[in-house]
Each structure stands twice: as structure tokens, then as C-alpha cells.
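The exercises below are to be worked with the sequence and the structure in view. Each task is followed by a solution in steps.

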Amino acid sequence: MWRRATATFKSSLFLGTLKHNAPRFTTATGFHFQEKDWMGPKQVAPVITFVLGGPGSGKGTQCAKIVETFGFKHLSAGDLLRREMVSNSEYGSMILSTISEGRIVPSEVTVKLILREMEFSDNHKFLIDGFPRSEENRIAFEQIIGAEPHMVLFLDCPEEEMVKRVLSRNQGRIDDNIDTIKKRLKVFEALNLPVVDYYAKKGKLYRINAVGTVDKIFEQVRPVFEAFEHGAK
Ligand SMILES: Nc1ncnc2c1ncn2[C@@H]1O[C@H](COP(=O)(O)OP(=O)(O)OP(=O)(O)O)[C@@H](O)[C@H]1O
Ligand SMILES: Nc1ccn([C@@H]2O[C@H](COP(=O)(O)O)[C@@H](O)[C@H]2O)c(=O)n1
Ligand SMILES: [Mg+2]
């Protein structure tokens with residue numbers, strides 16, 4: 001279990017990017033986070049990568065290749081929400097209506113799901129896909145988890161291509177229909193692009209041209225991770 005087996009952030013290799021002043025924090029849903037929760041015997045700090053991009057830009061597809069090649073743990077915020085939705089959770093109906101309308105689920109719920117996965121993972125390298133989707137998501141992650149990403153991938157894809165991919169995905173998702181896709185694209189532009197700009201200004205953004213074959217796109221992604229792994233050694 002990563003929560004127990006890992007990080008004392010204070011002695012981390014990644015000291016520069018992690019926040020040590022995470023306050024005692026109790027969310028409105030009663031979830032408790034305290035800095036001491038991260039303390040443990042092993043000196044391994046989490047490596048956090050966010051993977052951003054519009055609906056159908058290929059986040060999940062590229063994440064699978066990153067996992068295979070670089071051994072990250074893939075956490076798709078959308079997948080975590082869909083799993084929560086069908087799990088008899090108190091949030092189930094709220095998540096269903098939010099996803100159906102292409103809106104963003106309250107950050108506290110999503111961050112809680114991500115944190116739970118991080119805590120129980122044996123892996124300390126995380127690829128967080130489809131998150132943060134808004135400035136609210138981003139700030140909640142920083143406050144609750146007390147860490148920032150080391151790098152942020154942005155899969156840059158034209159709208160027509162994203163629409164085409166989503167409509168031919170055929171995985172039975174309630175939001176893969178033209179009406180919801182239009183709403184998701186609007187939300188992406190209004191709420192997600194400001195987050196992309198934020199990380200660009202911080203020098204953490206890697207913009208990937210997401211048009212082309214899956215392998216061609218991965219040829220742009222691979223060197224980003226190779227350089228990071230090389231630098232981290
Ligand atoms: N480079 C590509 N060229 C053509 N099709 C692709 C490419 N990459 C992914 N796809 C296909 O497009 C669809 C959407 O891809 P994927 O699920 O990876 O996108 P996503 O960004 O995770 O989307 P969402 O945000 O809706 O979860 C899938 O059916 C996938 O197989
Ligand atoms: N941070 C997030 C991520 C996703 N959602 C909701 O889930 C939908 C599907 O997400 P995908 O990444 O699988 O496309 C998305 O449209 C949102 O409704 C969210 O609220 N917050
Ligand atoms: Mg996806």
C-alpha cells in the first residue's frame with residue numbers, strides 16, 4: 001500500500017515540486033486528510049503526471065502505451081467516476097446526471113476517488129488522465145493531496161477529429177452521443193483550456209500533436225518520459 005509504504009515528502013527527491021505545508025483538511029463530505037497521512041518508512045515520493053486533452057483526443061489510448069513502456073499506474077478520472085456511479089455510492093445519481101450533461105463533477109468527489117487509488121497503489125508513478133478538468137479541480141488537488149504534477153501532457157486534437165473518434169468509440173458510454181459531445185467540447189474550451197494555459201506558463205506542459213496513428217503520436221510522447229526518467233536518476 002503506497003500510503004504506508006512511501007513518501008515522507010520532506011526527504012523526497014522531488015522536494016522542489018511538493019508542498020509540505022498541507023494543512024489539516026476536512027472536506028464537506030467528511031473526508032480527512034492530514035500531512036502525517038503521507039508519512040511512512042520508505043523514502044519514495046509520488047511522481048505525478050496529468051494527461052489532458054479534449055473528449056476523444058486519445059488520452060486513454062496513449063496512457064495505455066505509457067503504462068506498458070514506463071510502468072506508470074493509470075488513473076482515469078472519468079473511469080473512477082463511472083465506477084463510483086455504478087457502485088451504489090451516495091454520489092451515483094449526481095455523477096450520472098453530471099456525466100450525461102457533460103458537466104464537471106464537484107472536485108472534492110473526484111479528488112477523493114483519485115486519492116483513494118493513490119493511497120492503495122503499490123506503484124508511486126501516477127498518470128492521472130482527464131484531470132484537472134477545471135481550475136477548481138486543479139486547486140482542490142493541490143489542497144487535498146498537497147502536491148503538484150511533475151509534468152502535464154496535452155493531447156492537442158482538432159474538434160472534428162475528436163467528434164469522429166468519440167462517435168465511433170462504441171463502448172456504450174452514456175456521453176458518447178452528439179448532443180453530449182457538443183456540451184463536453186464547450187466545457188473543455190471554457191474550463192479545461194485555462195488549466196492547460198496555467199501549466200504552459202509554469203513550464204510544465206508538453207503539447208502533443210494528437211493527429212496521426214497511435215504509434216506516431218506515441219513517438220512524441222516517449223521522449224518526454226525518457227527525458228524525465230533520465231533526469232530523475
Ligand atoms: N491516434 C488515433 N487515431 C485514431 N483513433 C484513435 C487514436 N487514438 C485513439 N483513437 C480512438 O479514438 C477513441 C477515443 O480514444 P480515447 O478513448 O483514448 O480518448 P480519450 O481522450 O480518453 O477520450 P475521453 O475523454 O472521451 O475519455 C477510441 O475509440 C480510440 O480507439
Ligand atoms: N476530472 C473530471 C473528469 C471527468 N469528469 C466527468 O466524466 C466525464 C467523462 O470523462 P472522460 O475523461 O472519461 O472523458 C466528463 O465529461 C465529466 O462529466 C469530471 O467531472 N471531472
Ligand atoms: Mg478516456
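Predicted model: local features only at pLDDT ≥ 70, side-chain atom pairs only at ≥ 80, totals over all residues.

**Exercise 1. Backbone angles in loops**

Task: Find the place of proline 132 and state the form of the peptide bond from phenylalanine 131 to proline 132. Then treat asparagine 88 and asparagine 170.

Solution. Step 1: helices (H or I, at least four residues) and strands (E, at least two) are DSSP runs, numbered from the N terminus. Proline 132 is in the loop between strand S5 (125–129) and helix H6 (135–145). Step 2: the bond from phenylalanine 131 to proline 132 is cis, with omega near -5°. Step 3: asparagine 88, in the loop between helix H3 (77–85) and helix H4 (92–100), has a positive phi of about 70° although it is not a glycine. Asparagine 88 is exposed, with a relative accessible area of 79%. Step 4: asparagine 170 sits in the loop between helix H7 (159–167) and helix H8 (178–201). Its phi is positive too, near 60°, and at 76% relative accessibility asparagine 170 counts as exposed.

**Exercise 2. The sides of helix H7**

Task: Which residues of H7 are buried, and which are exposed on the other side?

Solution. Step 1: Met162, Val163 and Val166 are buried in H7. Step 2: they cover an arc of only 100° around the axis, so they lie on the same side of H7; the arc is that of the directions from the helix axis to the C-beta atoms. Step 3: the general rule is that an α-helix has 3.6 residues a turn, so residues three or four places apart point the same way. Step 4: Glu160 and Lys164 are exposed on the other side of H7. Step 5: the cover over the buried residues of H7 includes H8.

**Exercise 3. Arginine 184**

Task: Is arginine 184 buried or exposed, and what does its side chain reach?

Solution. Step 1: arginine 184 lies in helix H8 and counts as buried, at 9% relative accessibility. Step 2: a polar contact is a pair of N or O atoms within 3.5 Å; within protein, one must be able to donate a hydrogen and the other to accept it, and residues adjacent in sequence count only if both atoms are side-chain atoms. The side chain of arginine 184 reaches the backbone oxygen of aspartate 175 at 2.8 Å, and a polar contact of 3.2 Å joins it to the side chain of aspartate 176. Step 3: contact means heavy atoms within 4.5 Å. Leaving aside neighbours within four places in sequence, the contacts of arginine 184 include Pro55, Gly102, Val166 and Arg169.

**Exercise 4. Ligand 1**

Task: Which residues come nearest to ligand 1, and how much of its accessible area does the protein cover?

Solution. Step 1: a residue is near a molecule or strand if one of its heavy atoms lies within 4 Å of it. Of the 16 residues around ligand 1, Lys59, Thr61, Arg169, Arg184 and Gly212 come nearest. Step 2: an N or O atom in the side chain of lysine 59 is 2.6 Å from an oxygen atom of ligand 1. A backbone N or O atom of glycine 212 lies 2.8 Å from a nitrogen atom of ligand 1. Step 3: the protein covers 77% of the 630 Å² of accessible area that ligand 1 has on its own. Such areas come from the Shrake-Rupley method with a 1.4 Å probe; for residues, only the protein chains shown count as cover.

How values were computed: Residues numbered from 1 in each chain as written. Chains lettered and ligands numbered in written order. Heavy atoms only, no water. Buried < 20%, exposed > 50% of the residue type's maximum accessible area, 1.4 Å probe, protein only.
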